[in-house]
Every structure is written in C-alpha cells, then in structure tokens.
Amino acid sequence: MDENAIHQWLIDCFGPIQGEMAWQQLSQLPQEVRDQLAQQDPAKLPKPDEVRAMMKAFTEGGLNSLTEMRQTVERGPINVKLAATIALERANDDSSWQSVNAQDAASVRRAASEANLWLDSACTFNPAAGETEVLTRADWVNGTLDSWATFAAPVASAMNEALASVVSERLGDTFNGDIAGIYAGPIPLPIPENLKNPAQIVKLLANTSFAMQLGHAAGDLSHEVRGSFDQGVPLLNNPAGGLIAQNAIEYARSLDIDQSEVLAFLALQEAAHARLFAAVPWLMPRFEALIGKYARGTRIDLDAMEEQLRDAEITDPDSFSGAVNLTNVAIPDTPEQREALSSLEELLTLVEGWADCVTWKAGMAHLPHLDQLREMMRRERAVGGPAQRTFESLLGLQLRPKRIREAAELWARIDADRGTDGRDAKWSHPDLLPTLPNEDSGSPAAQGTAEASGTDAAFGTDATGGNNTGIDWDAELSKLLDEDAHGKDGSAEHADLDQGHPAQSGDTDGGTRSDNGNGGDTADSGDDDDSNDSGDRYDYGDGPASDDNH
C-alpha cells in the first residue's frame with residue numbers, strides 16, 4: 001500500500017480538510033509506524049463510513065481526549081458509554097423502527113392487559129407494579145445495557161489484569177519498543193505519564209475492545225429478543241418488564257398464527273416472569289450472587305492470551321478482540337464455576353418451568369395454538385440465537401435453562417397435588433424449592449412418565465402438553481449446536497432446528513414438537529393428571545434442600 005493510497009484513504013474517511021490534517025500528522029510519525037501502515041493490505045482496511053462511525057462512537061464514548069482516556073481506565077473495566085453508543089448504532093439500523101406507531105402499541109398493550117387478567121386465575125402472585133412497556137430496539141439497549149455491564153464487569157476486570165500481566169511480564173520488550181516508537185518522533189505526543197506505562201495502555205485498549213464487543217453483541221441481540229425477560233432474569237428497571245414491539249410483531253407475522261394470539265402468548269410469558277420476580281424478593285439477589293460467583297471463578301490461560309496478543313497491534317483496539325474473548329483464553333470449568341453453574345442452571349430452569357406451567361394454565365382456554373407456541377419458546381430458551389451466543393462468549397456464561405419440559409411437568413404435578421397456592425408457596429424460601437430429577441438417563445425420573453394413562457400416554461405427551469420420549473431434547477439440541485459451533489465453518493446455527501417455526505416432518509427432533517396435528521387439543525394440564533406416579537420421581541422441596549439451593 002503506497003503513500004498515495006494511504007493519503008486518499010484518510011481523505012475518504014475524514015474529508016478533505018481533516019483528512020489532509022491527518023496525513024500531515026501521519027507523515028511526522030516515526031518511520032517504524034509508517035512502515036507498518038505501508039505493509040497493510042488495502043482490502044483489509046476498514047471502509048471510510050465504518051471509520052467515521054467508529055470515530056463518532058469513540059468521541060461519544062469518552063475517548064475524545066487524553067484526559068478522558070485516563071478517566072476511562074480509572075472508571076472501571078468496561079467503557080459503558082462506548083458500548084452503549086455502538087449498541088445503539090446497531091439497534092437503530094435501517095431495518096429498525098425509530099418509534100412504535102399507535103396501532104401497534106395498542107396491540108401490544110391490549111395483549112399485556114389480557115395476559116394479566118388471565119394470570120389472575122393461574123397464579124397467586126399479584127401483577128408487578130407499573131405497566132408493561134412498549135419498547136423499540138433502542139429502548140431495550142438503553143434499558144438493559146447497564147445490567148449486562150454489571151454481569152460482565154468481573155470477567156472484564158480479570159481480562160484487563162491478565163492482559164496487563166502478560167504485557168509486563170512476557171511481552172515487555174516487544175510492547176515497550178512499540179510504545180517508545182509511538183512517543184518518539186519530531187513532535188512528542190503529550191501523553192500523561194501514567195498512560196506511558198505499556199500495561200496502562202493495554203488496559204485502555206482492553207477496556208475499549210471489550211466495550212466494542214459488548215456494544216456489537218448488545219446491538220445484535222436487540223434484533224432477537226422479544227421481551228425483557230427473554231434471558232430469564234429482569235434487566236429493566238421497570239418491574240413489569242416490556243415487549244420489543246417490532247420484534248414481537250415481526251415474529252407473529254412470520255408464523256401462520258393470528259398476530260393477536262402470538263402477542264398474547266408473548267405477553268403471558270413476560271407478565272408471568274414479572275409477577276414471579278416481583279413477588280419473590282430473594283430471587284434476583286440469588287441470581288446476581290450466582291452470576292458473580294461464576295464470573296469471579298474465571299481463570300485466564302496466559303499462554304493463550306500471549307499468543308493472541310502477539311498478533312495484536314498496539315494502536316488498534318479491535319485487534320485485541322481475540323485476547324478478551326473467553327472462547328479463546330479462558331480455562332474452562334473451574335470447580336468454583338461448576339458449582340455456581342449447576343446452581344444457576346437449576347434455579348433458571350425452575351423459573352422457566354414455572355413460567356411455562358403458569359402460561360399454559362392461564363392461556364389454555366384462550367390460545368388455540370398454545371402448545372406449538374410453548375414448544376417454540378422452549379427450543380429458543382434452551383438453544384439461544386446467534387447474538388445471544390456471542391453475548392455468552394463475553395460473559396463466559398450461558399444464561400440458558402436446560403430441561404424446561406421436566407421443570408414444567410414438575411410444577412404442573414405440584415399444582416395437581418397441592419393446588420395453585422401450594423405450588424406458588426414453594427417460592428417463599430429457597431430451601432422449599434422442588435428439586436429436578438437427576439439427569440442420569442437410567443433413573444426413573446429421566447425415563448419420564450411413560451406409564452401415564454389416558455390421552456397423555458396415547459400421544460406420547462407429558463402432563464403439561466410437552467412430548468415425553470424419555471429424552472432431554474433441550475440438552476440434546478444444545479449439545480448438537482455446541483458441536484456444530486466448533487466445526488470447520490464455525491457456524492452456531494442449525495437449519496434443521498428451525499427456531500421459531502413449527503417443525504416439519506423431517507426435523508431431527510424425532511417428533512418432539514407438540515404440534516401433533518391436534519392443535520391445542522393434545523395436551524392435558526397437570527390438574528387433569530390422574531397417574532399419581534410423580535411422588536417417586538420428584539423432590540417437591542419438603543425434605544432437606546439440595547446443595548444447589550443453598
């Protein structure tokens with residue numbers, strides 16, 4: 001890449017005046033830096049509009065001056081302002097609604113109102129304070145990014161410290177040379193003394209790189225989520241939650257189901273979660289403690305990080321992305337993390353199973369396609385979308401429940417045995433929560449309830465309308481996707497799973513869809529179950545609590 005090409009690229013990026021100024025500044029940099037730029041492949045340079053967008057993000061993200069850079073390092077491991085700016089850029093792309101029109105907003109509010117009326121007879125918990133919000137994608141980003149940054153902060157902190165350690169102890173000579181080259185030259189750069197330390201420069205770059213990835217992931221995720229509880233935990237300040245109107249309506253339109261029915265189902269899911277978290281004061285603090293425990297257990301493979309850093313450019317925050325990606329540098333499954341993850345998955349699955357059970361009970365008389373919609377939701381909860389998996393690589397944590405069918409069946413059987421009051425009373429203390437059966441495929445619990453009589457046994461479904469073949473399909477699908485994600489093409493998507501759409505007869509799930517051609521007539525609720533065989537399979541939480549619930 002010759003100097004004329006660099007000159008023209010700068011003008012394309014910044015305009016004739018500022019581009020010329022940048023060229024003059026560039027020409028006065030040390031020869032080593034200019035030589036490095038000249039070796040760049042022009043095809044790999046970012047497009048001018050991308051550069052302008054990034055410079056705008058840096059300016060709005062508090063990286064407009066050296067003083068702001070120093071304050072960014074001191075403020076914490078993640079530049080939240082930069083992450084928010086990048087996320088909003090993606091959330092407000094050309095395909096996104098900038099606002100919700102009155103008709104669509106009215107449809108979402110009507111669905112939320114109906115959902116709360118139906119839930120009054122299906123659970124004992126009162127509606128959460130406030131009203132369900134009607135959100136745009138940008139509203140979701142603004143309302144949830146602080147929560148994501150809080151969850152990710154321990155991981156980002158561990159990353160930053162590890163990066164500084166690797167630079168200081170292993171790459172000191174290499175990076176010191178690069179830093180010296182940047183500071184040298186005919187015009188000394190007025191860098192504050194504390195930022196001349198290579199470790200501090202790397203902390204700033206890591207902080208910036210992590211924020212950039214967090215922003216990209218949050219912006220992409222804003223196109224996938226439909227409700228504020230889609231990740232299983234409350235992320236908005238509004239206890240009543242919210243629905244992302246565009247995503248919910250586009251999802252409804254993609255199905256061969258009436259839009260009002262799909263919106264009502266999504267509103268039921270949102271309102272059920274909102275009621276549970278509003279009524280159980282210990283629940284969210286418990287989640288936060290487990291997520292924090294998992295994050296604090298993160299350990300970094302310094303050798304892997306060093307390998308990533310050797311390919312990084314000291315002047316390019318984006319080139320540090322591999323070094324702050326847990327997929328590349330984390331030591332997996334530390335004992336502390338395994339313990340926290342087990343407890344977290346159990347609790348998250350119980351929450352999702354309860355919401356699934358309550359949604360069925362509240363909507364069975366109103367939603368003809370309830371079984372199909374529940375099945376699709378279970379699949380999505382267990383598998384997650386591409387943006388969610390990207391998010392998880394930054395958090396180092398999968399916020400995805402497993403075995404939702406078993407949990408929903410468990411709550412339905414408790415409901416059948418002890419009524420709605422007895423079921424919901426289990427949430428009064430963590431020690432009272434029921435325990436899911438062991439995942440051992442040889443155990444009676446894992447074999448399901450094949451002995452159940454009546455319609456359930458005839459159609460191979462469980463007491464809550466889900467299919468019961470003795471296989472944990474959520475876990476199997478998740479395993480399949482995990483294997484696929486590490487394949488040659490790196491893709492985490494599996495077309496056969498057809499997330500969000502009813503399965504065709506050729507799908508790989510072996511007939512686990514609840515759509516057996518019977519519409520909403522195939523399922524029996526837990527209230528109608530007369531097999532009374534659940535007592536030997538599930539711990540209803542009356543005895544000593546399991547370790548995971550302490």
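Me: Is C357 buried or exposed?
Reply: This is a predicted model. In it, C357 is buried, because its relative accessible area of 5% falls under the 20% cut-off.

Me: And C123, what is its relative accessibility?
Reply: The value for C123 is 6%, so this residue also counts as buried.

Me: How many disulfides are there in the whole structure?
Reply: A search of the whole structure finds 0 disulfides.

Me: Let us turn to the aromatic residues. How many aromatic pairs does the structure hold?
Reply: There are 6 aromatic pairs. One of them joins W148 and F151, whose ring centres are 6.2 Å apart. Their planes stand at 80°, so this pair is edge-to-face.

Me: Where do W148 and F151 lie?
Reply: Both belong to helix α7, which covers residues 137–169. They are 3 residues apart, about one turn of the helix. An α-helix has 3.6 residues a turn, so residues three or four places apart point the same way.

Me: Which residues form an aromatic cluster?
Reply: F229, F277 and F287 form one cluster. Elsewhere, R226 lies over the face of Y251, at 3.7 Å from the ring centre.

Me: Now helix α11. How many of its residues are buried?
Reply: Of its 21 residues, 17 are buried, so α11 is largely enclosed by the rest of the structure. The helix spans residues 259–279 and reaches 30 Å from its first C-alpha to its last, close to the 30 Å expected.

Methods:
Residues are numbered from 1 along each chain as its sequence is written. This is a predicted model: local features need pLDDT of at least 70, side-chain atom pairs count only at pLDDT 80 or more; totals for chains, interfaces and linings use all residues. Side-chain values use heavy atoms; hydrogens and water are left out. A disulfide is a pair of cysteine sulfur atoms within 2.5 Å. Buried means under 20% relative accessible area, exposed over 50%, partly exposed in between (1.4 Å probe, protein chains only). Helices (H or I, at least four residues) and strands (E, at least two) are DSSP runs, numbered from the N terminus. The expected span of a helix is 1.5 Å times one less than its number of residues. Rings of Phe, Tyr and Trp (its six-membered ring) pair if their centres lie within 6.5 Å; planes under 30 degrees apart count as stacked, over 60 as edge-to-face and the rest as tilted. A charge sits over a ring if NZ of Lys or CZ of Arg is within 6 Å of the ring centre and within 35 degrees of the ring normal.
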